[in-house]
Amino acid sequence: MATITFGGTQLGIKPSPVVAAFSSRGPNPITPELLKPDFIAPGVNILAGWTGKVGPSGLEEDKRHVDFNILSGTSMSCPHASGLAALIKSAHPEWSPAAIRSALMTTAYNTYKNGETIQVSATGVPSTPFDVGAGHVSPVAALDPGLVYDANVQDYVDFLCALNYSSKHIKAVTKQALKCDKTKKYNLGDLNYPSFAVPFKTSSEKGSDNSVPTTIKYTRTLTNVGVPAAYKVSVSSETHSVKIAVEPEELAFRECNEKKNYTVTFTATSMPSGTTSFARIEWC
């Protein structure tokens with residue numbers, strides 16, 4: 001015989017949130033020029049409505065019927081992120097999916113109130129962008145991000161061209177007869193994404209010269225979705241091995257929907273395979 005006793009609701013549990021052991025991790029194995037994940041959202045012990053057609057265990061032989069069930073998994077984070085996207089869309093119906101994603105990413109947080117970095121639950125060590133992306137979603141802040149990284153169909157077509165997609169493959173994705181411009185040089189890093197991932201050659205790669213620094217430039221476009229304001233950039237990095245320069249260092253927006261470009265230059269010498277370091281670029 002077993003007895004289950006309700007112990008009451010517990011609030012203020014610390015540390016919280018933490019990155020679950022089952023949460024998907026980076027780096028991006030297919031396109032390392034894009035940082036994944038984008039961000040994290042609640043996904044552990046989520047109480048939600050449950051179909052009466054399936055028992056709480058999900059097993060065929062489970063004939064029980066419940067109205068609600070508690071589940072954990074990345075499939076639980078998905079409805080949270082989708083709901084937040086719908087919330088932002090209702091407040092800003094003119095925003096594109098890219099603008100909504102940007103708002104969720106650039107306003108996410110990656111530290112607790114005491115300033116410590118969000119932890120990984122399995123180990124208790126500080127998380128990295130390969131664990132949390134931009135950080136944990138912050139719904140209220142995402143409604144007013146100030147600036148967004150927007151993107152349209154052509155931006156994504158250019159990205160597919162940089163991946164050397166054929167016209168046939170592009171049509172399969174876009175349902176349009178679009179072609180790549182053979183006279184144009186496409187760059188995977190120039191997709192107007194809110195985050196950066198910069199793969200450098202390793203010291204073991206053929207043709208790499210440890211004495212010659214490698215320079216990689218990414219260009220981004222910011223759209224003002226708030227009041228007229230001037231923003232200054234700040235760069236914080238955990239390593240001195242990679243030099244990061246932003247040009248220009250200040251952007252002034254005089255009206256809503258005004259766009260401004262900036263370029264980030266990453267300079268580093270070849271490093272051993274598997275070496276990773278992280279930095280943060282912030283406009284405020």
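Is Cys-78 buried, partly exposed or exposed, and what is its relative accessibility? At 47% relative accessibility, Cys-78 counts as partly exposed, where buried means under 20% relative accessible area, exposed over 50%, and partly exposed in between (1.4 Å probe, protein chains only).

This is a predicted model, in which local features need pLDDT of at least 70 and side-chain atom pairs count only at pLDDT 80 or more, while totals for chains, interfaces and linings use all residues. Residues are numbered from 1 along each chain as its sequence is written, and side-chain values use heavy atoms, with hydrogens and water left out.

Taking a disulfide as a pair of cysteine sulfur atoms within 2.5 Å, the count comes to one disulfide, which joins Cys-161 to Cys-180 with an S to S distance of 2.0 Å. Cys-161 lies in helix 5 (residues 153-162) and Cys-180 in the loop between helix 6 (167-174) and strand 6 (214-224), so the pair ties together parts that are 19 residues apart in sequence; helices (H or I, at least four residues) and strands (E, at least two) are DSSP runs, numbered from the N terminus. The torsion about the S-S bond of this pair is about -95°, so the disulfide is left-handed.

| Cysteine | Relative accessibility | Class |
|---|---|---|
| Cys-161 | 6% | buried |
| Cys-180 | 26% | partly exposed |
| Cys-256 | 44% | partly exposed |

Cys-256 is in no disulfide, and the nearest cysteine sulfur, that of Cys-284, is 20 Å away.

Strand 7 (residues 229-237) and strand 11 run antiparallel and are joined by five bridges, two strands being paired if DSSP finds at least two bridges between them.
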